[in-house]
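Here is a short briefing on one structure. Take a look at the model before reading on.

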Amino acid sequence: MYLSSDIPKITTHVLQEMKQRGEKIAMLTGYDYSMARILDEAGIDVILVGDSASNVMAGHKTTLPITLNEMIYHASSVVRAVHRALVVVDLPFGTYQGNSKEALQSAIRIMKESGANAVKLEGGEEILESVDRILTAGIPILGHLGLTPQSINKFGTYVVRAKEEKEAEKLRNDAKLLEEAGCFGIVLEKIPAQLAAEVTESLKIPTIGIGAGSKVDGQVLVLHDMLGINQLFSPRFLRRYHNLYDEIKTSVNTYIKDVKTVDFPNEKEQY
Ligand code: KIV
């Protein structure tokens with residue numbers, strides 16, 4: 001277990017150095033204090049307070065309904081637990097796309113009210129004005145290209161993106177624009193491995209892949225998917241490290257039985 005004073009904090013600068021020396025970046029989503037403590041003590045480099053909280057924490061079908069206040073609630077719970085990892089928070093749908101002044105206000109609220117280290121925004125050229133304005137205020141940004149779940153109503157499906165040359169070319173350009181603007185990294189979601197490798201090679205800033213193959217600078221997964229808490233989602237890119245849904249259910253079944261049969265509490269478990 002780490003002592004907080006011994007722990008060098010991961011910064012965006014550290015991630016840049018990791019890319020330079022070829023060390024992969026490990027990132028997972030986190031939405032609450034207890035899980036974030038485990039992730040941080042285990043040594044995760046980056047915790048993403050993803051708007052996937054809308055799905056896995058709140059049970060919505062998409063990431064669109066989650067609000068800025070809800071993201072701030074999740075982010076501040078995570079920040080309270082973390083000593084080492086960089087904490088990045090998604091700007092939720094509707095808080096940055098249309099108006100760069102509103103985007104800056106949203107990012108400032110996240111940074112001020114949660115104490116997080118950076119924000120993540122989905123999109124390229126179309127959100128560049130918001131990206132510029134937020135960066136000017138000294139707030140680090142992680143970009144997100146490829147499958148961008150906040151645009152599900154535009155694309156209609158969650159299939160692999162940028163398979164066609166026209167979309168691949170736009171993604172290459174968007175990645176360059178985000179790097180030139182000053183983003184410290186880019187998430188590449190569900191795109192062909194070859195394209196992700198090419199983009200990674202062409203950038204100085206790190207890329208973090210999810211369903212983008214191994215030739216990127218780091219990987220991210222949704223915590224509840226990789227632990228097998230959420231079993232409703234099984235894309236090819238997901239490696240499940242546990243089957244917590246069944247394990248928790250078995251524990252709860254045993255607890256119910258113990259209560260009903262008055263096996264719990266026993267004499268040692270009472271005062
Ligand atoms: O919200 C999220 O969990 C994400 C990851 C899938 C990258 O954006």
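Is lysine 190 buried or exposed? Lysine 190 counts as buried, because its relative accessibility is 18% and buried means under 20% relative accessible area, exposed over 50% and partly exposed in between, with a 1.4 Å probe and protein chains only.

This is a predicted model, in which local features need pLDDT of at least 70, side-chain atom pairs count only at pLDDT 80 or more, and totals for chains, interfaces and linings use all residues. Residues are numbered from 1 along each chain as its sequence is written, and side-chain values use heavy atoms, with hydrogens and water left out.

**The ligand site**

- A ligand oxygen atom is 2.5 Å from an N or O atom in the side chain of serine 52.
- For the side chain of aspartate 51, the distance from a ligand oxygen atom to an N or O atom is 3.0 Å.
- For the side chain of aspartate 90, that distance is 3.1 Å.
- The ligand has 260 Å² of accessible area on its own, and the protein covers 95% of it. Accessible areas come from the Shrake-Rupley method with a 1.4 Å probe; for residues, only the protein chains shown count as cover.

**Aspartate 45**

- Aspartate 45 lies in the loop between helix H2 (33-42) and strand S2 (46-49). Helices (H or I, at least four residues) and strands (E, at least two) are DSSP runs, numbered from the N terminus.
- Aspartate 45 is buried, with a relative accessible area of 7%.
- Its side chain makes a polar contact with the side chain of arginine 84, at 3.3 Å. Such a contact is a pair of N or O atoms within 3.5 Å; within protein, one must be able to donate a hydrogen and the other to accept it, and residues adjacent in sequence count only if both atoms are side-chain atoms.

**Backbone features**

- Lysine 190 sits in the loop between strand S6 (185-189) and helix H9 (193-202). Its phi is near 50°, a positive value in a residue other than glycine.
- Valine 262 is in the segment after H11, and its phi is near 55°, also positive in a non-glycine residue. Valine 262 counts as exposed, at 63% relative accessibility.
- Proline 265 is found in the segment after helix H11 (244-260). The peptide bond from phenylalanine 264 to proline 265 is cis, with omega near -5°.
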